[in-house]
Amino acid sequence: MKAKVIVRLKDGVLDPQGQTIQRSLNKMGHEVTELRQGKYFEIEINGMKDESAVRQRVEQIAADVLCNPIIETFEIEDIA
Amino acid sequence: MEITLDLIESHGLTTEEYEQIRKRLGREPNLTELGIFSVMWSEHCSYKSSRLHLKKLPTQGPQVLQGPGENAGVIDIGDGLAAVFKMESHNHPSFIEPFEGAATGVGGIIRDIFTMGARPIALLNSLRFGPLEDTANQLIMEGVVAGIAGYGNCIGIPTVGGEIQFQETYSHNPLVNVFCLGIAAADEIFLAQASGVGNALIYVGAKTGRDGIHGVTMASEEFSEDAESKRPNVQVGDPFMEKLLLEACLEAMKTGAVVGIQDMGGAGLTCSTCEMGSRGEVGVKIELARVPQREEKMTPYEIMLSESQERMLLVAEKERQEEVLEIFRKWDLDAVVIGEVSEGHDLTVYDQGSKIAQMPNKALSEEAPFYDRPAQRPAYLDELPRWQDLDFPEPSDYNTLLQEIVSSPHLCSRRWVFQQYDHMVQTNTAILPGSDAAVLRLKGTSSGLAVSLDGNSRYTYLDPRMGAMLAVAESCRNVVCCGARPLGATNCLNFGSPENPEVMWQFIESVEGIGQACEVFATPITGGNVSFYNETNGAAILPTPILGIVGKLEDLKQIRESSFQNVGDPVYLLGETRAELGGSAYLEHLGLPLSGPCPALDLNQEKALQDKLLDLIALEYIESAHDVSEGGLLLTLAECCFPRSLGLTMEASTPLRPDHYLLSESPSRIVVSVKKEKEEEFLKRVSDLDVHKLGEVTDEIFQVSVNEQSLISVPITRIFQVWNSFLDGVFEH
Amino acid sequence: MKFGVVIFPGSNCDHDTHHVLKSVLGQETVFFWHQDTDLQDVDTVILPGGFAYGDYLRCGAIAKFSPILESVRQHAQEGKLVVGICNGFQILQEAGLLPGVMLRNAGLKFVCRHVWLRTENNQTPFTNACQEGQVLKIPIAHNEGNFFISKQELAELQANQQIIFRYSDAQGDVIPEANPNGSMDSIAGVVNRQGNVMGMMPHPERASEALLSSEDGRFIFNSIINRVH
């Protein structure tokens, strides 16, 4: 089973990369009013078939490793 | 699969070359063998157009421990130590993907150095881009600089210097030449040779993927408009992986169980296996099923030709292979025995036990075809405009001229660039970037090494032989200005298509010029790299040979920087200023056509000047020394003032028009500031040279008079501001 | 005084730090591999600069799971000294031993150059050789040194005098132009609440020899040495 996880910056945390991309897009004529950059992960866990077990494990991985709770939040997009 | 004419051509081989392959094998090659031959016989690997001429270069000297032909050159630097260094180009990949192209170039040259058993201590680079007015060129430059930074900073090897030029010719063909210097114990140099039948072939590092398959052949093809579509061929670098490889390989070498080692650069597994076998006069057998693979269902052809980065091939003593494998496991690296040294002289490739390719090692490497390509003096040389015939008036306001000169892309500060490089890690950087040469101290001794990279393609275009000699002379002069004696050289020769006789002529002239100059300066060439096919849509780049000189500084107390040190020190110009503006940055700045002749160099006079400066430094007469090059005396003097915000009062007399005098690029000139109390002794020592007192160091105002006419008077901080911030203005808008 | 320098895969200032402590300052100094758990009997543990695990995912995010971090935590709990320099600082933040987090530099570029630091608190084991307000010239070299923390926690840092270095100009004035990376409150170095764990982005080991443009980094190492003797 593959889980998809998105890590986002919390609201209010400065996102200089996102801002730069936004500025560049606006320069190109796209009228972007907000842009925030995040991270996306695809995770497969060996031998795990039960969705709720996978979810539990992936939540632990995301909370402990993938995301820094001071500035980021995570969301499990999909398990399939 | 049948080998058709189309297939041969798509592998970049001629029908004659294919015939030779058949002859060497005594049969038709299969597809895998054809692929292997095609990469090994490509210009990039075989140097087929240049080999004949490179033999003319001086490569011998008592200091040379290893000349050309290995992964890098090695010179003896005393104290039981050796300097290991080389320069290489990564031009084509950097155009296709500037960040990764430059990054993997850095990764490649670093591997060449630690493969020899040396710890890399410094990186430098020589970059060429199209004019910055064009955003496309800005993006390429930004990507290249970030790529170099990304790799070097992460792996922890300081990028301590280099040089950059801008010219229209590089707009679609930027040049990225990277240099690496390492230090090894003089008696512990490792070679890329296999030996000892039965010894294990160990594959270490990143897994093999379908990266850059035919990247090597790509680097030897001219660019066309569809270069964009070649993107998937570009390799991605992993500096963290390479850091582990570096540490693990150096640790493994210490065991004494490693017999030979070579990195898998261009042409990956193919090149490393057959070259190690060829040099060691042995056969090599490998089993592809054991090669760690990142992607599924890779064919033997793909595995053999993959250019995945950060991989090494080691030969280890059979009985001690486990010791070596254990070290790689400690560093979390994939290390697998994929074959062995065998009887005979062939490279034999197996897949799941069945033999799929067998070729003589030497046919692939040393005995690859080489050509004496036709050369012809280019017609353009007879039609060059002469700068003396150009009509450009003397500037009415020299204050403005100075402001404009220091804020031209050619001559402005490179701070924006080198600030992105970690130039201090390893804590050996004795002179920060921006002086004439980079100086690295050697921990545990009182000595250091100086390195400079130089080349000026405007000169080489106007006169390939003279331009190449000027590059050697300037590089040596830069090293000498820091107080070091030049010891050895490497080069990177960037040219158009060798199949064009006019380009071939430029190449031969340049190589011969480098040879002549290196003889005089006693700096043998210990290795280097040739990059042909730098053309876009049939137009070759200006010929661009880049020289790298390494020198030894016996006593770190004798380091000299280019910057003036104390108010009141007298300032002298050593060397003669002639009206030489051909190919100058001044004419370029004025937007005038590239015009000749290029400045003339007398090698013996130059050598005498350099020897004299080293004497003067040893006698402790000299406070600072700065070579005069692009931008002439005017820029040199300003640069002497910038670092410590000092001023200058200069009064010169000359029969030349003042702007010609101030911006002439006559070689063999050095600006020195002299210890005030040693001035008389200094003058006695230099009585056999052309010496001109220019004035003295002051504390604030940059003041220049020529022939008793005051031309410039401006606070140095104002000029500094303009010079220092120009590139920020371009990139940080 | 005995120092231990931790080597993570990807550390690259480990040897520089060791060199200064041992060869320049003459202190007994040992290396630890990141999988070691025995800190022998060192007084001070230093997590050096570099790119532990390539800084992949986030700076310090993977290194914090190295076995040695548990021993370092224990060492700190016993009141002994722990120092994180640059990447070492980031690792200590990820491990929760120091407050805040490092964002990408505001200029979005790696910056390597000398900066000026104003000593904000000289009553710590890491700054006792400095004068209050003393300005130190020490280089930075990082891509992620933009110190970030919640407003409330920042107020706590300020109230507890945990901010020990701020980026300043050569005169010691903390002005926005002197802030090289956008750090909140111009923070360059902090200590934990107990005052025995310190992190700083600038590299004192690169400024401890006359040959290298500045010797001001010695004030920091000497403070640590002074404290024990």
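Colleague: In which sense do E24(B) and E27(B) pair, parallel or antiparallel, and over how many bridges?

Modeller: This is a predicted model. In it, E24(B) and E27(B) pair in the parallel sense over five bridges. One position in this pairing is B:Leu648, whose bridge partner in E27(B) is B:Phe702.

Colleague: How does E24 of chain B pair with E26 of chain B?

Modeller: Strand E24 (residues 647-652) and strand E26 (residues 691-698) of chain B run antiparallel to each other, with four bridges. Within that pairing, B:Gly647 stands opposite B:Thr698 in E26(B), and B:Thr649 stands opposite B:Glu696 in E26(B).

Colleague: What is the strand order of the open sheet that holds E24 and E26 of chain B?

Modeller: The order is E23-E25-E22-E26-E24-E27-E28 (chain B), an open sheet of seven strands with mixed pairing. Its edge strands are strand E23 (622-627) and strand E28 (709-715) of chain B, each of which pairs on one side only. On average, neighbouring strands of this sheet are turned by 20° against each other, direction ignored.

Colleague: Which strands does helix H15 of chain B lie across?

Modeller: Helix H15 (residues 398-406) of chain B lies across strand E27 (701-706) and E28 of chain B, and runs at about 50° to E28(B). Helix H25 (residues 716-731) of chain B also lies across E27 and E28 of chain B, running at about 75° to E28(B).

Colleague: Now the other sheet. What is the order of the open sheet that contains E8 and E13 of chain B?

Modeller: Seven strands form that open sheet in the order E8-E10-E7-E11-E9-E12-E13 (chain B), and the pairing is mixed. Strand E8 (258-263) and strand E13 (354-360) of chain B are the edge strands, each pairing on one side only. From one strand to the next, the twist averages 25°.

Colleague: And E7 with E11 of chain B, over how many bridges do they pair?

Modeller: Strand E7 (residues 200-205) and strand E11 (residues 335-342) of chain B pair over five bridges in the antiparallel sense. The bridge partner of B:Leu201 in E11(B) is B:Gly339.

Colleague: Which strands does helix H11 of chain B lie across?

Modeller: Helix H11 (residues 268-280) of chain B lies across E7, E8, strand E9 (283-287), strand E10 (311-316), E11 and strand E12 (346-351) of chain B, and runs at about 140° to E8(B).

Colleague: Changing topic to the chains: of the two pairs of chains in contact, which share the most contacts?

Modeller: Chains B and C share the most contacts of the two pairs. There, 31 residues of chain B are in contact with 26 residues of chain C. The area buried between chain B and chain C is about 2,400 Å², with carbon and sulfur atoms giving 63% of that area.

Colleague: How many salt bridges are there between chain B and chain C?

Modeller: There are four salt bridges between chain B and chain C. One of them joins C:Glu209 and B:Arg441, whose closest N and O atoms are 2.8 Å apart. Between chain B and chain C, nine residue pairs are in polar contact, both residues being at pLDDT 80 or more.

Colleague: Which elements of chain B each supply at least two residues of the side that touches chain C?

Modeller: Those elements are helix H8 (135-155), helix H10 (239-254) and strand E14 (429-431) of chain B. By class, the side of chain B that touches chain C has 14 nonpolar, nine polar and eight charged residues.

Colleague: How many residues of chain C are in contact with chain A?

Modeller: There are 14 residues of chain C in contact with 15 residues of chain A. Chain C and chain A bury about 1,200 Å² between them, 68% of it on carbon and sulfur atoms. The interface of chain C and chain A has one salt bridge, formed by C:Arg58 and A:Glu72 with their closest N and O atoms 3.6 Å apart. Five residue pairs between chain C and chain A are in polar contact (both at pLDDT 80 or more). Strand E5 (101-103) and strand E8 (146-148) of chain C give two or more residues to the side of chain C that touches chain A.

Colleague: How far apart are the closest C-alpha atoms of chain A and chain B?

Modeller: They lie 11 Å apart, and no contact joins chain A and chain B.

Conventions. Residues are numbered from 1 along each chain as its sequence is written. Chains are lettered from A and ligands numbered from 1 in the order in which they are written. This is a predicted model: local features need pLDDT of at least 70, side-chain atom pairs count only at pLDDT 80 or more; totals for chains, interfaces and linings use all residues. Side-chain values use heavy atoms; hydrogens and water are left out. Contact means heavy atoms within 4.5 Å. Buried area is the accessible area (1.4 Å probe) that two parts lose on being put together, summed over both. A salt bridge is a side-chain nitrogen of Lys or Arg within 4 Å of a carboxyl oxygen of Asp or Glu. A polar contact is a pair of N or O atoms within 3.5 Å; within protein, one must be able to donate a hydrogen and the other to accept it, and residues adjacent in sequence count only if both atoms are side-chain atoms. Ala, Val, Leu, Ile, Met, Phe, Trp, Tyr, Cys and Pro count as nonpolar, Asp, Glu, Lys and Arg as charged, and the others, Gly among them, as polar. Two strands pair if DSSP finds at least two bridges between them. Axes are lines fitted to C-alpha atoms, for helices over the stretch in contact, and angles run from 0 to 180 degrees between N-to-C directions.
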